Amino acid sequence: SFSVVALVWLPGQETAIHDHVSWCVAGVHEGAESEIRYRLAPAIAPGSSARLVATEEVVNGQGDVCGFAPPGDIHKVRNSCRTKAISLHVYGADVSRLGSSVRRVYPEPTG
Ligand SMILES: [Fe+2]
């Protein structure tokens, strides 16, 4: 019913913008991870589509812990330090059975 995943990030390595299949608690073991959080803003005109708006950027260093639970869990994560970063993630789902903790991937916002 849950999974523990260790992620090793090279300097500058990053994810796409995504959300998740379940809650997650993550702790940084080594290095630093930057996280940009987004919200999905409704369409502003008929015929247009919802758009991503960046809401905050958080840098988690060694020993920091963060967490989230859907909905409202859209983010992008990046190794923002000059060395490798290692983090431990606990997900509330069987990631090995699902193949991924990612529910959806979003295109980068423009403009
Ligand atoms: Fe994520």
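His-18 and His-20 are both buried (under 20% relative accessible area, with exposed meaning over 50% and partly exposed in between; 1.4 Å probe, protein chains only). The model is predicted, so that local features need pLDDT of at least 70 and side-chain atom pairs count only at pLDDT 80 or more, while totals for chains, interfaces and linings use all residues. Residues are numbered from 1 along each chain as its sequence is written, and side-chain values use heavy atoms, with hydrogens and water left out.

The iron ion is coordinated at 2.1 Å by the NE2 atoms of His-18, His-20 and His-75. Along the chain, the donors of this ion follow the spacing H-x1-H-x54-H. Donors are N, O and S atoms within 2.8 Å of the metal (3.2 Å for Na, K and Ca); because water is not among the atoms, sites may look incomplete.

Strand β1 comprises residues 3–9 and includes Val-4; strands are DSSP runs of E of at least two residues, and helices are runs of H or I of at least four, numbered from the N terminus. Val-4 counts as exposed because its relative accessibility is 57%. Ala-6 lies in strand β1 and is exposed, with a relative accessible area of 53%. Beyond its neighbours within four places in sequence, Ala-6 is in contact (heavy atoms within 4.5 Å) with Ser-87 and Leu-88. Between Ala-6 and Asp-19, the separation is 13 residues in sequence and 18 Å in space, C-alpha to C-alpha.
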